[in-house]
Every structure is written in structure tokens, then in C-alpha cells.
Amino acid sequence: MMAYTYSLILFFTFIICFLASFDKRILFNRYFGPFIKAAILVAIPFISWDVWFTAKGVWWFNTAYTLGIVIAGLPLEEWLFFICIPFSCVFTYFCFDKFFKLEGLSGFNNLIVFFSVIVCSVVALLHYDKIYTLVTALATITTLIYLHFIVRADWIGKASLVFTILMLGFFPVNGLLTGTGLSTPIVNYNPGDFLGIRMLTIPIEDMVYGYTQFLLVLYFFRKFKHAQDESKNKI
């Protein structure tokens with residue numbers, strides 16, 4: 001049973017949102033195509049990052065909790081992580097955007113971006129010797145600058161609120177992966193490569209990593225969704 005632990009975590013994270021996608025009030029299933037394209041596009045650099053860090057020993061996986069299928073040094077479940085977790089996150093954003101008027105949160109875009117960029121910059125400068133911390137901070141800075149100053153995304157405040165709400169699911173899911181409730185963690189980290197600040201068993205870098213991944217998948221999802229809607233309107 002232990003070998004199914006990681007896959008079961010992904011399954012239960014994914015399945016509720018997947019089934020709810022077909023609800024007539026939501027109909028997120030109409031946008032499975034845009035989501036898959038967005039998730040795969042963002043997964044390419046993130047999986048490359050994952051493969052690199054695993055090869056360098058920045059983190060590694062306890063295969064006792066996986067099915068034993070390894071691709072490029074990563075368990076199969078880790079590959080599926082980049083579809084299942086973003087799916088639940090984007091689905092949640094889609095629902096909030098559909099049922100609640102959150103446009104007023106765009107007024108917080110500047111505050112969120114400037115605060116996050118400053119904090120990440122200071123952390124990167126002070127802890128440049130910790131590779132997970134450094135790369136996560138740089139990825140977040142680059143993402144926020146691109147979204148805010150280049151493409152002028154007006155939904156950063158809205159997405160940040162949804163991500164904060166998603167923390168209710170992040171803690172049990174990521175907590176299990178990092179050892180909460182298990183005799184040993186599924187994902188292990190080299191102490192010299194991150195700050196060592198944990199929320200329960202979860203490195204704080206994981207939360208920032210997840211935020212950056214969420215923003216990028218959401219950005220491309222919105223682009224592909226808009227293109228699909230425009231195409232249908234022309235028919």
C-alpha cells in the first residue's frame with residue numbers, strides 16, 4: 001500500500017475538481033484543451049528544473065512511496081504532479097472568477113508585485129549560496145516583472161487571493177509529500193540548499209515555487225481560453 005501513497009495524494013487532489021468540472025453551473029470541461037496546453041508549456045521548464053535539482057541532490061524522492069516507474073530520474077508521480085496540482089488550482093481560480101466579482105482586487109497589483117519582488121530580491125542577495133532559495137526567488141521575480149510590467153496582467157491580485165485560499169489544500173497535500181503524518185518524507189531536501197524555514201514540514205520555498213507555477217499556468221490558460229472563445233465566436 002505504501003507504494004501508492006504519492007499517486008493517491010495526486011488522485012484525491014485531482015478527482016474532486018475533475019468531476020466538478022462537468023457541473024452545468026461551472027462547465028470547466030469546455031476548457032480542458034486550453035488547460036492542458038498551458039500546463040504542459042509551463043511544465044517544460046519546471047520539470048527541467050526538477051530533473052536538474054534531483055540530479056544535483058538538492059532534493060530526492062523516497063521510492064518506497066511511489067510505483068517505481070522512474071523517467072529522467074523522476075518518479076512517474078512527479079511528472080503527473082505538474083498536471084494534477086495545476087488543474088486543481090486553475091479550476092479553483094475559474095470558479096472564483098465565475099461566481100464572485102473580484103475585479104476590485106486589481107488595485108492591489110502594485111503592492112503585491114513590489115512587495116514580492118523586493119522580498120525575493122533581498123532573500124536572493126542574502127542567500128545566493130542556497131540554490132533552491134536562489135532559483136525560486138529569481139523565478140518569482142522574473143515571473144512577476146513579466147506579468148505586471150510587460151503583459152500588464154490585471155488579475156495578479158485576484159490570483160493571489162485564490163492562491164491564499166488554496167493554502168487550505170496546499171498544507172495537507174504538500175505536508176504529506178514532505179513528511180507530515182508519514183514515518184519518512186516522500187520528498188527530501190538537502191539542508192544546505194534551502195533556508196530551513198518550514199511551515200510544519202513544508203519548506204517555505206515550496207510555497208513560493210507553487211505561487212510562481214500557478215501564476216504562469218494561469219497566464220497561459222487565460223491566453224488559450226481567450227483564443228478558444230474568440231474562435232468559437234467567429235463561427
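Leaving aside neighbours within four places in sequence, with which residues is Ser160 in contact? Ser160 is in contact with Ile112 and Tyr211, contact meaning heavy atoms within 4.5 Å. This is a predicted model, in which local features need pLDDT of at least 70 and side-chain atom pairs count only at pLDDT 80 or more, while totals for chains, interfaces and linings use all residues. Residues are numbered from 1 along each chain as its sequence is written, and side-chain values use heavy atoms, with hydrogens and water left out.

- Ser160 lies in helix H6 (residues 156–177); helices are DSSP runs of H or I, at least four residues, numbered from the N terminus.
- Ser160 counts as buried because its relative accessibility is 11%, buried being under 20% relative accessible area, exposed over 50% and partly exposed in between (1.4 Å probe, protein chains only).
- The axes of helix H4 (residues 109–126) and H6 come within 8 Å and cross at roughly 70°, the axes being lines fitted to C-alpha atoms over the stretch in contact, with angles from 0 to 180 degrees between N-to-C directions.
- H4 and H6 are therefore roughly perpendicular to each other, a term for angles of 65 to 115 degrees.
- Asn109, Ile112 and Val113 in H4 meet Ile156, Gly157 and Ser160 in H6.

**Ala227**

- Ala227 is placed in helix H7 (residues 204–234) and is partly exposed, with a relative accessible area of 42%.
- Ala227 and Phe114 are 113 residues apart in sequence and 30 Å apart in space, C-alpha to C-alpha.

Notes:
Helix = DSSP H or I, 4+ residues; strand = E, 2+ residues; numbered from the N terminus. Parallel < 35°, antiparallel > 145°, perpendicular 65-115°, else oblique.
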